[in-house]
Amino acid sequence: MEKLLLLGDEAIAQAALDAGMSGMYAYPGTPSTEIMEFIQHSKMAKENNVHSIWSANEKTSMESAIGMSYAGKRTMVAMKHVGLNVAADAFLNAAITGVNGGLVVVTADDPSMHSSQNEQDNRFYGKFALIPIFEPVNQQDAYNMVYDAFEMSEKFNVPILIRITTRLAHSRAGVARREVKLHNKITLPKNPRQFVLLPSIAKVQYKQLLDNQSKFEENSEKSIYNIYEDGSDKSLGIIACGISYNYLKENYNDTKIPFPVLRVCQYPVPKEQIKKLMAECKEVLVLEDGYPFVEEMVKGILDKEPVKGRLDGSLPRDGELNPNIVKRAITGEKFIVEIPKIVQNRPPALCKGCGHIDAYLALNKALIKYGEGRVFADIGCYTLGALEPYNAINSCVDMGASITMAKGAADAGLVPAVAVIGDSTFTHSGMTGLLDAVVENSPITVIISDNFTTGMTGGQNSHALGRLEKICEGIGVEPEHIRVFHPTSKNFDEMVSIIEEELQYKGVSVIIPRRQCVQTMKNKDLVAKVKELKLN
Amino acid sequence: MKSDIILAGVGGQGIVSIAATIGTAALIEGLNLKQSEVHGMSQRGGDVSSNMRVSSNEIASDLIPYGQADLILSVEPMEALRYLPFLSESGWLVTNSEPFINIDNYPNLDELLEKIKSLPRNVIINADKIAAEVGSRRSSNIVMLGAASHFIDMDFDAFKKGITQIFAKKGTETVDVNIKALEAGRKFVEENYKF
């Protein structure tokens, strides 16, 4: 069959469609966004009526997927690594409910923090939930593993976690497809109480999950993805997890790797094969594009085993691996990366003509008399307001934290405290925090910088479109303290005076600077919708 | 056959189209391909790059090791130098001469071009000007691909076919302009450089 040229993300999406997935759930987040986008643009998905609308956040995505699984259909949910923190409650409990239709969870981790605030390794979540994890080496693996994962999920009555990293998510290669499967029919769970996690039921099901661990281990041990390649030089054994195998292989081009190599790409870890490698080799190097997850296990607290990796300094403790780093760990060969001094850093910046800029300039002016250090921002393009020349914000922690951090600071006496949050981030995780502030009538000023889109990830639809004032009123913000303006340099004085007025108000104010994201001007549907809603 | 290429530029400058064209051309030639690119935050005016690997053999790593790239193809002069540690001892650096200035401390352009000229194998081309001459400033990136095509071990016709496929949706006029841009870039190097 002809190969398709697909990003790792796209290979995952195509595999899910071919495996008969009926619905996909996600919230945009680099590097996972292209999985959902591929489904949204797929003709095959449209013809089969596959659900592909963005959700409000990762928790609602996960719960909708659990619901679809309950109804007997195959479903997938994908998110960036930190998204799984948001969905963790549902995710961990889904391991205990088990599944009806196959449920596959994709986490796209971001070692080196190319586009993230941390580099957490979500294999820990898989282990935490006591479920199997697949970690592909390449795009074809990603396809095959997702395809197999649906089968496995139904066979073992458990969600399956697929863990990729940025490099695989955003790298293209040829991928061969497999046979297209029909969708499952709607069927209710055989046990009507399967999804009722009352303690009495949860205890029984948790025991089942624990009992299943040996089956998962046995499956890992004979998995086609955990491959033991023997080598003649037993001075070193290498455990290569997921994509790190490519960086190892790169250093031996077309020649055979002289050392025994165990590829670990399906978890729980294949203990017997690891024991074999340890027994045969003098020492073992563990390669992982993430935290020293396997390394720590193999090393153990007693530190009796000769294990090299991220913990002993053979590899850097943080950041993404590459072929040179792996080579250095094996041969000791150093490499120097010297960029000519004339080259300057070119950090990302807010686009020319962006509405966030005008909002920040007005906010900075209005805040002069109160002094610095009182603006709590959030996750999105507007986080770039932290940089020169704006220096407009003092925090960016997690989705929604702007409002609640402003509240906490105001509780401490830092008044006025300001929150800056985007429209999509507000509906993701800002609404509940606003309710906390309303209940206490906290003296905070919340700026919802509304650009009608999820900008940083490429302009996906925002759930907030046309709904912001009603949401804020519904939560209980006084209508006279919900102020909307059009952020342009022409309106500068008006914006400053509106912000100044609300900073003086000793209760919850919401200010909405509202102007369409300049990157979405070519999106005809959005332009038409904005016109229809009379938002501009 | 093996070509390891670093594509360099600034978010929004169209290196994705260059990558797509080379990728499609490689598929037409029946070659293996891996192409890693940058999405997300850096696309907002930050530096972006793509690792493009084409080979008749299987390709292991999505990332090109330092000192192994056969070609740095940059649509912006300062960005060309950022990836110098990747260039192999026999590799070529092909760059647009026109700067994209969105930072206050952008270096002196003459000094920048001098630094590039001091490298043993370099091509500097005003792709913006050539693109305007063939009919569309926006095809400057494809002029760059034409200039660099000398250093990619693939049939030139495959690039033309690649362009025809990639731009087909945008109509024959767009396809024609981009083919012209590709040819003009190639011709410029033929006439002005010996290699």
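Visitor: How many bridges join β8(A) to strand β10 of chain A, and in which sense do the two run?

Guide: Helices (H or I, at least four residues) and strands (E, at least two) are DSSP runs numbered from the N terminus, and two strands pair if DSSP finds at least two bridges between them. Here two bridges join β8(A) to β10 (residues 261–264) of chain A, and the strands run antiparallel; within this pairing, A:Tyr228 stands opposite A:Leu262 in β10(A).

This is a predicted model, in which local features need pLDDT of at least 70 and side-chain atom pairs count only at pLDDT 80 or more, while totals for chains, interfaces and linings use all residues. Residues are numbered from 1 along each chain as its sequence is written, and chains are lettered from A and ligands numbered from 1 in the order in which they are written.

Visitor: What is the order of the open sheet that holds β8 and β10 of chain A?

Guide: The order is β8-β10-β9-β12-β13 in chain A, an open sheet of five strands with mixed pairing. Its edge strands, β8 (228–229) and β13 (307–308) of chain A, each pair on one side only.

Visitor: Which strands does helix α12 of chain A lie across?

Guide: Two residues are in contact if their C-beta atoms, placed from the backbone, lie within 7 Å, and angles run from 0 to 180 degrees between N-to-C directions, along axes that are lines fitted to C-alpha atoms, for helices over the stretch in contact. Helix α12 (residues 271–280) of chain A lies across β8, β9 (236–241), β10 and β12 (283–287) of chain A, and it runs at about 155° to β9(A).

Visitor: In what order do the strands of the parallel open sheet in chain A come?

Guide: Five strands of chain A form that open sheet in the order β14-β15-β16-β20-β19, and the pairing is parallel. Because β14 (375–376) and β19 (482–485) of chain A stand at the edges with a single partner strand each, one side of each is left without a neighbour in the sheet. Within the sheet, β15 (residues 417–422) and β16 (residues 444–449) of chain A pair in the parallel sense over six bridges, and A:Ile421 stands opposite A:Ile448 in β16(A). Helix α16 (residues 401–411) of chain A packs on this sheet, touching β14, β15 and β16 of chain A, with its direction at about 175° to that of β15(A). Helix α17 (residues 423–440) of chain A also packs on the sheet, where it touches β15 and β16 of chain A and makes about 145° with the direction of β15(A).

Visitor: Into which domains is chain A divided?

Guide: Domain bounds come from an automatic or database domain assignment, and that assignment divides chain A into domain 1 (4–221), domain 2 (228–331) and domain 3 (355–532). The C-alpha centres of domain 1 and domain 2 of chain A lie 27 Å apart, and 23 residues of domain 1 of chain A are in contact with 22 residues of domain 2 of chain A. On the side of domain 1 of chain A that touches domain 2 of chain A, at least two residues each come from α7 (123–129), β5 (133–134), α9 (166–169) and α10 (199–221) of chain A, and α10(A) gives the most, with four residues.

Visitor: How many residues of helix α1 of chain A are buried?

Guide: A residue is buried if 20 or more other C-beta atoms lie within 10 Å of its own, exposed if 12 or fewer, and partly exposed in between, with C-beta atoms placed from the backbone. In helix α1 (residues 8–18) of chain A, ten of the eleven residues are buried, so the helix is largely enclosed by the rest of the structure; among the buried residues are A:Gly8, A:Ile12 and A:Leu17. Just after α1(A), A:Gly20 takes a positive phi of about 85°.

Visitor: How many residues of chain B are in contact with chain A?

Guide: There are 37 residues of chain B in contact with 35 residues of chain A. The elements of chain B that give two or more residues to the side touching chain A are α1 (15–28), β2 (32–37), α2 (77–82) and α3 (109–117), and β2(B) gives the most, with five residues. Strand β7 (residues 171–175) of chain A and β2(B) pair in the antiparallel sense over three bridges, and the bridge partner of A:Ala173 in β2(B) is B:Lys34.
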